There are 2 protein chains.
Amino acid sequence: MSALKNDTFLRALLREPVDYTPTWLMRQAGRYLPEYNATRARAGDFLALCKTPDLATEVTLQPLARYPLDAAILFSDILTVPDAMGLGLYFAQGEGPRFERPLREEWAIRALAAPDPADKLGYVLDAVRSIRKALDGSVPLIGFSGSPFTLACYMIEGSGSDDYRTVKSMLYQRPDLLHHILEINTRAVTDYLNAQIEAGAQAAMIFDTWGGMLSHRAYREFSLAYMARIVAGLKKENEGRRVPSILFTKGGGLWLEDMAATGCDALGLDWTIEIGDARRRVGDKVALQGNFDPLCLMGSPEAIVNEVEAILESYGPGSGHVFNLGHGINQHTPPENVNVLLDAIRKTSPGYHAG
Amino acid sequence: MSALKNDTFLRALLREPVDYTPTWLMRQAGRYLPEYNATRARAGDFLALCKTPDLATEVTLQPLARYPLDAAILFSDILTVPDAMGLGLYFAQGEGPRFERPLREEWAIRALAAPDPADKLGYVLDAVRSIRKALDGSVPLIGFSGSPFTLACYMIEGSGSDDYRTVKSMLYQRPDLLHHILEINTRAVTDYLNAQIEAGAQAAMIFDTWGGMLSHRAYREFSLAYMARIVAGLKKENEGRRVPSILFTKGGGLWLEDMAATGCDALGLDWTIEIGDARRRVGDKVALQGNFDPLCLMGSPEAIVNEVEAILESYGPGSGHVFNLGHGINQHTPPENVNVLLDAIRKTSPGYHAG
């Protein structure tokens with residue numbers, strides 16, 4: 001592997017000195033980019049894009065060709081793992097993800113098994129290797145997975161949901177069954193992330209999209225406890241370098257202290273929390289990633305610049321901040337507004353890293 | 001008016017001694033009750049139910065006939081105010097609320113005016129009077145309104161939304177227009193709640209359903225500031241008694257200190273926050289209402305009882321707690337599970353109010 005030319009992102013995650021605040025954007029390769037839509041049209045559909053390493057490589061690199069970003073993130077879907085478990089992932093036209101065989105019956109839950117990533121998710125590992133090669137050491141590559149609880153939400157409901165009533169009914173009626181699913185998912189996600197790391201992912205992020213709809217008590221028992229086990233089970237070093245881990249629970253702002261106690265290197269923050277408050281609460285335990293409201297990218301250049309400055313000022317001087325959105329970039333975002341965002345960060349952030 | 005036989009709810013809101021933890025349930029008159037569905041079928045549709053004082057009275061009293069609740073809440077919709085402004089509220093079959101004329105153009109926004117409640121919302125005030133008469137002093141009646149920001153969300157989008165992209169685009173592009181709408185809404189909601197109080201509402205609750213999707217900074221500027229003005233403008237006493245106000249921002253757990261500083265009497269809490277932590281944070285400034293996960297009512301009796309005990313234990317001894325759900329009761333809730341909930345509260349809570 002070629003030496004890493006820009007390791008600002010990795011250093012910020014480990015709270016080592018940097019010259020400016022490194023930046024990447026959740027869902028940076030996505031529908032707001034015309035070049036992405038062109039590749040996706042060529043692929044036929046979203047899943048084909050995920051499952052064809054050459055195309056996944058192409059779209060992973062598109063935002064880096066356009067913008068001065070400090071990290072690439074593997075282009076994939078959080079539901080590849082349950083798909084590899086045999087649940088039959090598909091995307092209905094104009095709707096979110098669905099499973100052909102959602103987990104509803106006890107026999108199906110008992111039959112669930114963690115897939116061998118090399119066997120069932122080889123296309124993801126091939127994509128990681130191919131992206132690393134294409135990046136040629138320019139910036140680091142982030143691998144990722146959904147959290148065990150977030151995967152379970154889709155696996156049980158069979159699709160997205162307003163209230164995840166089926167999942168919560170299981171949680172409050174048959175917690176043993178939900179725990180069984182989460183056990184399997186935890187093993188699967190640990191193996192999957194370690195396989196991504198071995199294939200070349202230089203940081204690992206766990207997306208807990210739905211943990212935030214749990215009660216504080218249920219969050220600890222059904223989401224955080226399992227993410228903590230994954231963090232403990234992750235390969236900590238590869239290619240002679242620390243592989244930092246990032247935990248992101250959307251809506252988890254009340255629980256940061258407990259998230260930081262898992263031993264992860266960084267926490268992702270949504271836009272509801274003041275990043276300076278978050279920093280005071282977690283101290284020097286973890287780095288912080290976030291937390292620009294993605295819909296502020298629909299705003300005026302002035303609003304975007306103000307928001308960037310407020311976030312940098314709130315975090316304050318010193319390393320340990322990776323600038324990002326608080327959630328994935330909206331598909332209706334004007335691509336030129338991303339330039340306004342990045343210019344403002346590059347202009348203002350060095351002042352917080354001087355001396 | 002007849003003397004109030006059970007004022008436990010009002011006393012708890014003012015943190016005065018009580019014998020047990022009083023309880024009501026958000027959306028307690030609703031689709032989980034067969035008797036509600038029967039009345040609604042007779043009414044023809046939901047709006048007719050809201051707009052016919054006799055029927056609104058009937059459904060308001062239904063949960064009180066079935067369960068030992070400590071308060072009634074006016075049966076109405078949060079969108080009656082924008083409907084009275086001329087936006088044309090309707091409910092499409094199987095969907096949420098919609099407006100025929102959403103606020104998209106500057107001229108329409110500039111033409112917006114706060115309605116005179118006596119003139120345009122007389123049916124609500126008639127319902128309040130009729131419900132008070134029917135309650136005959138058994139328990140207090142809660143009046144309510146949506147928050148200015150939450151009303152603005154529906155008024156601008158024209159319906160519910162996943163991300164309120166149109167609202168947030170206005171917020172970040174034309175904050176002056178959004179502020180203008182919020183000004184008008186604030187005047188309208190203040191007048192509306194005061195008219196409800198004058199008609200007989202004995203407590204006033206502001207539902208800020210969508211403030212929680214704002215950034216911490218935008219929440220203060222576009223939602224909380226306007227709710228604070230409403231709280232300041234509310235009639236504080238009626239019939240020789242304090243009329244307590246309750247502020248509820250779903251997803252607002254990070255902002256409780258600022259919410260408590262508005263001068264309201266109580267805060268509603270969703271289920272993501274530990275109520276004991278909330279109590280430590282707000283001190284003796286306000287009472288707290290909540291915060292049982294509504295979907296726990298889909299669970300086993302054991303799960304329901306455990307959750308009740310955990311919440312009562314977390315709040316701890318002394319007054320200032322109104323037991324409630326963290327959000328409206330789910331339409332699929334088995335009505336008998338509400339008995340399990342209420343029995344557990346009545347059995348366990350007196351221990352926290354002894355001595």
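In which strand of chain A is A:N291 found? A:N291 lies in strand β10 of chain A, which covers residues 287–292. The model examined here is predicted.

The backbone of this strand holds a cis peptide bond. In chain A, the bond runs from A:G290 to A:N291, with omega near -15°. A cis bond is also present in chain B. There, B:G290 and B:N291 are joined with omega at about -10°. B:N291 belongs to strand β10 of chain B, residues 287–292. Most peptide bonds are trans.

Phi angles form the second topic. Most residues other than glycine have a negative phi. A:R15 has a positive phi, near 55°, and is not a glycine. This residue sits in a loop of chain A, between α1 (8–13) and α2 (34–43). Around A:R15, 19 C-beta neighbours lie inside 10 Å. A residue is buried if 20 or more other C-beta atoms lie within 10 Å of its own, and exposed if 12 or fewer. A:R15 therefore counts as partly exposed.

In chain B, a positive phi is found at B:R27. The value is near 60°, again in a residue other than glycine. B:R27 is placed in the loop that links α1 (8–13) and α2 (34–43) of chain B. B:R27 counts as partly exposed because it has 18 C-beta neighbours inside 10 Å.

Conventions:
Residues are numbered from 1 along each chain as its sequence is written. Chains are lettered from A and ligands numbered from 1 in the order in which they are written. This is a predicted model: local features need pLDDT of at least 70, side-chain atom pairs count only at pLDDT 80 or more; totals for chains, interfaces and linings use all residues. Helices (H or I, at least four residues) and strands (E, at least two) are DSSP runs, numbered from the N terminus.
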